[in-house]
Amino acid sequence: MILFFKTPQESIIAVGSQKRISEDFVSRLNWLFGGAELLQLEVMKGWFIGPRKEMLTPWSTNAVEIT
């Protein structure tokens, strides 16, 4: 399952999970992503610009540790 969050700066953040995420956890992700809004989409159309999903970055490592 992939959840999409839209930040106030119009960026999209994709969060992968193997099980359904609770509303409490969604509100924590909202805070972590600086007020990003959960989008009710199953598929995001458009272009992806960023590092490959296999590439770990210091930000992604810290985000995983926080969550």
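Tutor: Glu10 is found in the loop between strand 1 and strand 2, and its backbone has a positive phi of about 75 degrees although Glu10 is not a glycine. Most residues other than glycine have a negative phi. The two strands on either side form a hairpin with five residues between them, and Glu10 sits in the turn.

Thr7 is placed in this loop between strand 1 and strand 2 too, but Thr7 counts as buried, because its relative accessibility of 8% is under the 20% limit. If we set aside the neighbours within four places in sequence, Thr7 is in contact with Ile13, Phe33 and Ala36.

Strands of a sheet pair through backbone hydrogen bonds, either parallel or antiparallel. Here strand 1 and strand 2 pair in the antiparallel sense, over five bridges.

Taken together, three strands form an open sheet in the order 2-1-3, with antiparallel pairing. Strand 2 (12–16) and strand 3 stand at the edges, and each has a single partner strand, so one side of each is left without a neighbour in the sheet. On average, neighbouring strands of this sheet are turned by 35 degrees against each other, if direction is ignored. Helix 1 lies across strand 1, strand 2 and strand 3, and it runs at about 45 degrees to strand 1.

Now look at what is packed together here. The largest nonpolar core has eight residues, namely Leu3, Phe5, Val15, Ile21, Val26, Leu29, Phe33 and Ala36. The elements that give two or more residues to this core are strand 1 (2–6) and helix 1 (23–32).

At 0% relative accessibility, Phe5 counts as buried. Beyond the residues up to four places away in sequence, Phe5 touches, among others, Ile12, Val15, Val26, Leu29, Phe33, Ala36 and Leu38. Phe33 is buried as well, because its relative accessible area of 10% is under the 20% limit.

A pair of aromatic rings is described by the distance of the centres and the angle of the planes. In this model the count comes to one aromatic pair. How are the rings of Phe5 and Phe33 placed towards each other? Their centres are 5.4 Å apart and their planes stand at 70 degrees, over the 60 that the term requires, so the pair is edge-to-face. The pair links distant parts of the chain, because Phe5 is in strand 1 whereas Phe33 is in the loop between helix 1 and strand 3, 28 residues apart.

One further residue, Met44, brings us back to the sheet. Met44 is found in the loop between strand 3 (37–39) and helix 2 (58–66), and it is partly exposed, with a relative accessible area of 32%. Its C-alpha is 9.8 Å from that of Ile2, although the two residues are 42 apart in sequence. Leaving aside neighbours within four places in sequence, Met44 is in contact with Phe4, Ile12 and Leu39.

Finally, consider how much confidence the predictor attaches to all this. The mean pLDDT of the protein chain is 85, and 93% of its residues reach 70 or more. Confidence is highest in strand 3, at a mean of 94, and lowest in helix 2, at 73. Where pLDDT is low, the predicted coordinates should not be read in detail.

How values were computed: Residues are numbered from 1 along each chain as its sequence is written. This is a predicted model: local features need pLDDT of at least 70, side-chain atom pairs count only at pLDDT 80 or more; totals for chains, interfaces and linings use all residues. Side-chain values use heavy atoms; hydrogens and water are left out. Helices (H or I, at least four residues) and strands (E, at least two) are DSSP runs, numbered from the N terminus. Buried means under 20% relative accessible area, exposed over 50%, partly exposed in between (1.4 Å probe, protein chains only). Contact means heavy atoms within 4.5 Å. A nonpolar core is a set of buried Ala, Val, Leu, Ile, Met, Phe, Trp, Tyr and Cys residues joined through side-chain atoms within 4.5 Å. Rings of Phe, Tyr and Trp (its six-membered ring) pair if their centres lie within 6.5 Å; planes under 30 degrees apart count as stacked, over 60 as edge-to-face and the rest as tilted. Two strands pair if DSSP finds at least two bridges between them. Axes are lines fitted to C-alpha atoms, for helices over the stretch in contact, and angles run from 0 to 180 degrees between N-to-C directions. pLDDT is the predictor's confidence in each residue, from 0 to 100.
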